[in-house]
Amino acid sequence: MQNDILSILNESEGLNAKVFSLVRLKLLASLAALGPDGATYRELKAALDINDGVLFANLNVLKDMGYLTSEKITSEGKELELYIITTEGQDEWKRIRIWLCRFLHCGA
Amino acid sequence: MEKRKKAIAFFKELGFEFDIARFDDRLIAQKLVCLLELRGIDLGYSCSLYVRGPYSPDLTQDLYAHTHEFENLETGTRLNTAEKEAADELGRIFGLKPVPLEVGATYGYYSIRQECDPLEASRQVKRLKPFYSEAQIALGISKAKEFLYKPTRRDLEDLKKETGIWQRATLKTLEH
């Protein structure tokens, strides 16, 4: 594998450019760590400090891309929305992480 | 011996009937393990901070990979006296309730792992769990303190000094 900056930049063509927003990266990174357990909307909102409009819109974009699923769950008698990363989401996050590591190691 | 066997032994001792399909059960499992780790019991599931508070992805992996064992409490591991005592206290203080367990584990993590003072630890709990009421947070924190901190001889002496005056006054009143 080549390590020159041009090769590394060109490798990014294999990635989904629509994921490259800070909010979407934060969401994918957070949910990838939790696997099938997922996180509720209110947990994501509080921990990542993202306002409702931005959070809801970005979760829906990731869902539309097939990277997340959501389901209604009940916790302590309250109905909540749970977001779970899909296999496709995990794979995309893995590709992004590998690419980011290569990109940063090359001193760009 | 697989590390999950010890976690299952704790669940058994606590009478925790785990069901993977229930969100609250998965939450309870995570927070029980984190609280025991914070108390110094090595279950092999290290907890770090995630969007869901203190959490062990390794435990999640085992819960899903060995669901049958967790749900049927299959274990050959027996807890020693100290571990049984910790399990009894955990059950008595928290009672397998998700909210106090979640608040308590989060407070304990900030307080012990991140060495925050009590005020800062409480502030962090409120920031990460703003959807819980002040009363729920206060209760969870008080339970965490009871479970995680044993009073030292010095603490007990200080308490005796502080309350001694009131005790003597009460006794004097009773004499009249």
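How many helices and strands are there in chain A? Chain A has five helices and three strands, with helices (H or I, at least four residues) and strands (E, at least two) taken as DSSP runs and numbered from the N terminus. Read from the N terminus, the order is α-α-β-α-α-β-β-α. This is a predicted model, in which local features need pLDDT of at least 70, side-chain atom pairs count only at pLDDT 80 or more, and totals for chains, interfaces and linings use all residues. Residues are numbered from 1 along each chain as its sequence is written, while chains are lettered from A and ligands numbered from 1 in the order in which they are written.

The predictor's confidence in each residue is given as pLDDT, from 0 to 100. For chain A the mean comes to 92, with 94% of residues at 70 or more. Among the elements of chain A, the lowest mean pLDDT, 85, belongs to helix α1 (residues 5-11), and the highest, 98, to strand β1 (residues 39-40).

Of its 108 residues, 19% are buried; a residue is buried if 20 or more other C-beta atoms (placed from the backbone) lie within 10 Å of its own, exposed if 12 or fewer, and partly exposed in between. Contacts are pairs of residues whose C-beta atoms, placed from the backbone, lie within 7 Å. Of the contacts in chain A with a separation of 6 or more, 57% join residues 24 or more positions apart.

Turning to the interface, 17 residues of chain A touch 16 residues of chain B. On the chain A side, α2 (22-34), α3 (41-48) and β2 (68-75) each give two or more residues, and α3(A) gives the most, with six. By class, this side has ten nonpolar residues (Ala, Val, Leu, Ile, Met, Phe, Trp, Tyr, Cys and Pro), four charged (Asp, Glu, Lys and Arg) and three polar (the others, Gly among them).

Two residues of chain A deserve a look. A:D49 sits in the loop between α3 and α4 (52-64) of chain A and has a positive phi of about 55° although it is not a glycine. A:D49 counts as exposed because it has 10 C-beta neighbours inside 10 Å. A:Q90, in helix α5 (residues 87-105) of chain A, is partly exposed, with 15 other C-beta atoms within 10 Å. Beyond its neighbours within four places in sequence, A:Q90 is in contact with A:A32 and A:I85.

Over in chain B, helix α1 (residues 3-14) has twelve residues and spans 17 Å from first C-alpha to last, close to the 16 Å expected at 1.5 Å a residue (that is, 1.5 Å times one less than the number of residues). Its buried residues are B:R4, B:K6, B:A7, B:I8, B:A9, B:F10 and B:F11, and their cover includes α2, α3 (57-65), α4 (67-71) and α5 (81-94) of chain B. Just after α1(B), B:G15 takes a positive phi of about 70°. B:L96, in the loop between α5 and α6 of chain B, also has a positive phi, near 55°, in a residue other than glycine. With 18 C-beta neighbours inside 10 Å, B:L96 is partly exposed.

Key: Contact = placed C-beta atoms within 7 Å.
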